[in-house]
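Here is a briefing on the structure shown below.

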Amino acid sequence: MKGDGWSSCKGYGEKIRGGETVIIADSLTVTAPAQTLSKVEGDTLQLTCEVSRTTMQHTHLSVGWYLRSPEDATAPPQELVTLSRDFVLRSGGPYRQRMAAGDLRLDKTSATAYRLTIHKLQPVDQGLLYCQAAEWIQDSDDSWFAMTRKQSDKTQLRIQPTDRDFSIQVSTERRSFTAGEPLELRCTIEAQNVPERFFSVSWVFSSSPVAVVGPSTVPILGPDYVAREAAGHMTVRKESTNVHLLKLQHLRPEDAGKYICRVTEREKTPTGDFIDRSKRSRNVQITVQPLKSNITVLLSSNSSEVLEGNVMQLTCLVHSTTGPLSVVWQWIDKQGTGPAQEVASVDREGTIWHSPGYKERSSYGEIRVEKVQPDTFSLSVYNALPGDEGQYRCTATEWFQTGTEPELNWEKIGDKSSTKTITVKTVESSFMVSASSRTPSVTFGDSFDLLCLVKPRHNPRVPTSVTWRFMPAGTEADDEGQGDFKDLVTFTREGTLQWGEQLLGLGTRTTVDRSHSNTNFRLSVTRAGRREAGKYQCTAILWRKNYDNSWSRVANRTSNLLGISVLQPESKLRVHKTNQSQVYLEDSRVRINCSIASQTSQDSQHAVLWYVRRATGSEADELLLRIERTGAFEYGAYADEERLRRRVQAERLSPRLYVLTLNRAESSDSGTYYCLVEEWLSDPDGAWYRLSREASGFTQVLVRQPEIRLQVEEMESNITVSESGSIRLGCSIPSQSSRDSRFSVSWYVERNEDEDEEEQPGEEEREPECVFSIGHDAVFGNGNCSPREEAGPNSRLQFERMTSDQYSLTIQEARPTDTGRYYCHVEEWLLNPRNAWYRLATNNSGFTIVNVLQQVSTLQSVVCSNDSLFYFIFFYPFPIFGILLIAVLLVRYKSRNNSKSQEGKNGAPLLWIKEPHLSYSPTCLDPPALSLHPGSVD
């Protein structure tokens with residue numbers, strides 16, 4: 001028992017601590033598949049072993065691979081490689097050198113996998129291979145011991161010794177060739193473990209070295225083949241580990257003969273020396289037949305008829321070629337009578353040569369010859385001219401190279417040719433221009449398009465410049481229909497736009513465009529106006545671009561004339577034409593409406609003219625007021641004559657409703673009124689024009705004075721008063737014509753004659769006498785008569801106006817001469833719109849018969865007739881009597897107090913004095929009354 005409580009016993013997997021035995025379960029597993037493998041010497045072997053454990057304690061593993069000899073089962077196993085518990089990799093004695101060389105490896109590929117790798121297997125590696133693992137635990141004294149060891153299943157490995165012999169075989173698709181064809185020879189080495197062996201391959205032709213390919217795969221060429229390989233006509237390479245290729249691109253007749261492949265292996269002996277072993281293949285006989293030309297030439301073109309200025313393209317296709325080609329292009333006239341002219345040629349190397357007659361055009365790029373492919377050649381003539389018409393011939397010559405560098409010779413094998421006839425159509429013959437329009441007549445604000453059609457289609461080499469021209473309406477054209485035309489816009493031959501001196505729509509409403517084919521040239525005008533009306537035509541000039549980039553005019557064409565009429569739009573102005581009659585009183589407000597039912601455009605503006613026709617009908621219609629479309633007012637002569645400027649008022653309540661108002665209408669304003677509406681529109685140039693005018697219905701206006709409704713109370717009455725009494729005369733107006741009426745009131749009296757006097761026959765009736773008058777302006781004496789008695793502070797007349805329709809006149813201190821028949825005369829006055837008063841109506845009231853009784857003088861009448869005497873007798877004594885009475889009462893009061901103080905003691909009753917009741921009732925006094933004397937208004 002150790003001091004730390006741990007002790008070990010020799011039992012498997014046991015530990016004792018503090019006298020308690022702990023058993024550690026055996027969880028180590030070592031697995032590897034049991035198999036039999038056959039390998040060849042020099043191959044590589046890989047085996048994997050799975051080692052795992054589930055022990056909870058801290059343990060280490062050691063994993064190793066072992067080899068047991070199959071011949072002696074009792075012999076101890078040979079250790080190959082082991083990963084110790086300390087993670088140190090070691091190998092057995094015989095394998096240490098192989099491990100150091102990297103031919104023996106042990107890799108841990110995962111947590112439980114251990115892979116054994118042996119490169120370059122040897123016969124000594126044959127036997128039973130297995131994996132062995134041990135689980136180690138550390139004791140308290142830091143010593144390690146293996147708790148358990150286990151082995152995996154065994155793998156039977158057999159190693160076949162390597163055969164050092166090899167064989168050679170040369171192969172080719174065929175052995176008979178034609179000069180110019182490629183030849184491919186393949187040399188195949190049949191041996192074991194070729195990648196691990198060192199072979200060099202030599203190609204030999206008729207005992208002459210062709211090339212040698214050593215282990216480094218870098219070919220060493222023979223002296224006769226260096227130039228061919230440099231020219232790319234020969235290829236020597238190693239296709240794979242055991243296949244070598246010799247390829248001759250263009251066979252020559254001298255390449256016919258025997259070809260062999262010689263293979264030499266260099267092997268290192270255990271003593272460190274090298275031994276070479278060589279073998280050669282069988283002879284391969286190659287025959288090369290002389291080359292014969294079998295070419296065919298096909299000449300085609302993009303079109304047999306080419307429009308002038310277009311591209312003429314000829315393609316010469318050569319079939320069944322074996323050697324390089326040279327091509328010659330020739331031109332012959334269309335009839336074929338003239339000599340052939342060489343255009344250009346292409347030599348064997350692809351160099352292009354132009355003939356002197358076409359060299360200048362080709363320098364500008366109009367003649368182009370190309371070698372598209374080894375067997376395809378093209379001739380392109382840009383900007384074809386009428387002189388290019390004719391027959392074109394393509395002659396192809398096939399060549400074959402003989403000899404070797406530096407003495408190389410070209411041999412002509414054969415040639416073939418083909419001819420094609422090309423027709424060049426001049427553009428002038430088909431050049432034409434026409435103009436058209438779908439809308440020869442438009443209204444203001446509309447758009448129209450003009451189309452200029454140019455034929456034929458656009459050719460960049462023969463372009464067209466197109467100009468739109470314009471002659472305004474009203475300009476006379478000459479006999480040829482030219483006239484004073486102005487250029488609007490020109491599409492130049494370069495494709496740009498050039499605006500002329502004449503601009504339509506101020507240059508902002510004109511657009512131009514053309515089609516992609518440059519055959520349709522369109523001129524579009526938006527919001528057309530008067531300036532755009534007239535005649536249009538387009539002119540086209542056909543240009544030809546020369547090879548030196550200069551331009552020549554080919555033809556000039558002018559289109560037909562296009563007449564464009566720009567009309568005013570049809571008016572849709574409608575004004576309500578309802579006739580009506582209106583009656584107004586003077587000083588009223590007269591309103592007359594002018595309503596527009598419809599208009600041509602939302603942008604229409606209106607000028608309104610108000611007319612009046614006198615009621616008599618003999619005079620012409622007079623202009624009362626004009627409202628311009630801008631809202632400005634302009635009065636007519638009638639408004640000035642009738643002084644209507646201050647009273648007339650024009651309004652626009654809405655864009656379609658206008659109102660004429662006459663303030664404080666007069667009877668002279670009576671007549672027939674109507675409005676005349678002018679519709680104005682703005683043309684596209686911003687100028688305003690009158691489109692139409694229309695009158696409204698008639699409005700009959702009658703302005704009259706108010707209806708006479710003046711009534712004065714006509715009831716008759718009798719009044720009898722005594723002399724010096726008061727005569728009260730009333731005047732009541734129960735009805736009046738207007739609430740604004742004012743009245744002039746006058747009282748008249750018809751005196752009675754003495755009874756003794758008789759009227760003499762034939763005597764005129766006496767005129768009534770004016771007693772009092774007040775005018776409508778409330779001024780006394782300003783009525784319709786002049787009273788005899790002048791107004792003043794001492795006048796006996798007292799005038800009162802209780803209400804606006806109640807008047808009274810009081811005659812004080814009546815006299816016998818005041819007896820008579822009284823009535824009031826009323827005049828009704830109104831203020832006309834010109835602030836002048838006029839009399840509307842008059843009326844008289846009923847008669848009031850007044851009798852004044854003459855009285856005899858008495859004491860009472862004398863007293864009552866004298867104010868001083870009346871107050872002296874009836875008023876002054878009372879205050880004096882009252883003062884005396886008060887004094888007597890005060891004396892008696894004091895006396896009684898004294899007596900009471902004396903008698904009261906004896907119980908004697910007091911004496912009571914009853915004051916007398918005084919009352920006074922005058923007999924001739926009237927209550928005070930307010931009076932209005934002439935010269936003032938109450």
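**Disulfides and selected local features**

The link of Cys594 and Cys675 is right-handed, with 70° about the S-S bond. This pair ties together parts that are 81 residues apart in sequence, because Cys594 lies in strand E49 (residues 590-598) and Cys675 in strand E55 (residues 671-682). The model is predicted. The count of disulfides comes to 7.

**Disulfide Cys594 to Cys675**

- The S to S distance of the disulfide between Cys594 and Cys675 is 1.9 Å.
- Cys594 is buried, at a relative accessible area of 1%.
- Cys675 is buried too, with a value of 0%.

**Disulfide Cys49 to Cys131**

- The sulfur atoms of Cys49 and Cys131 are 2.4 Å apart, and the two residues form a disulfide.
- That distance falls within the 2.5 Å cut-off for a disulfide.
- The torsion about the S-S bond of Cys49 and Cys131 is about -75°, so this disulfide is left-handed.
- Cys49 sits in strand E6 (residues 45-52) and Cys131 in strand E12 (residues 127-138), so the pair ties together parts that are 82 residues apart in sequence.
- Cys49 counts as buried, because its relative accessibility is 0%.
- Cys131 counts as buried as well, at 0% relative accessibility.

**Disulfide Cys731 to Cys824**

- A disulfide is formed by Cys731 and Cys824, with sulfur atoms 2.1 Å apart.
- The link of Cys731 and Cys824 is right-handed, with 70° about the S-S bond.
- The pair links distant parts of the chain, 93 residues apart: Cys731 is in strand E59 (residues 727-732) and Cys824 in strand E64 (residues 820-831).
- Cys731 counts as buried, at 2% relative accessibility.
- Cys824 is buried, with a relative accessible area of 0%.

**Helix H3**

- Which residues of helix H3 are buried? In this helix (residues 356-363) they are Tyr358, Arg361 and Ser362.
- Seen down the axis of H3, the buried residues fall within an arc of 100°, so they line one face of the helix.
- Pro356, Lys359 and Ser363 are exposed on the other side of H3.

- Where does Gln798 lie? Its place is in strand E62 (residues 797-803).
- Gln798 has a relative accessible area of 7%, so this residue is buried.
- The cut-off for buried is under 20%.
- The side chain of Gln798 makes a polar contact with the side chain of Gln812, at 2.7 Å.

**Nonpolar surface patch**

- Which residues form a nonpolar patch on the surface? They are Leu869, Tyr871, Phe872, Ile873, Phe875 and Tyr876.
- Together, these residues have about 580 Å² of accessible area.
- Phe875, one of the patch residues, is found in the loop between helix H7 (867-874) and helix H8 (877-903).
- Phe875 counts as partly exposed, because its relative accessibility is 32%.

Definitions and conventions
Residues are numbered from 1 along each chain as its sequence is written. This is a predicted model: local features need pLDDT of at least 70, side-chain atom pairs count only at pLDDT 80 or more; totals for chains, interfaces and linings use all residues. Side-chain values use heavy atoms; hydrogens and water are left out. Helices (H or I, at least four residues) and strands (E, at least two) are DSSP runs, numbered from the N terminus. Buried means under 20% relative accessible area, exposed over 50%, partly exposed in between (1.4 Å probe, protein chains only). A polar contact is a pair of N or O atoms within 3.5 Å; within protein, one must be able to donate a hydrogen and the other to accept it, and residues adjacent in sequence count only if both atoms are side-chain atoms. Patches are made of residues with over 30% relative accessible area and no salt bridge: like charges are joined within 9 Å, nonpolar side chains (Val, Leu, Ile, Met, Phe, Trp, Tyr) within 5 Å. Accessible areas come from the Shrake-Rupley method with a 1.4 Å probe; for residues, only the protein chains shown count as cover. A salt bridge is a side-chain nitrogen of Lys or Arg within 4 Å of a carboxyl oxygen of Asp or Glu. The arc is that of the directions from the helix axis to the C-beta atoms.
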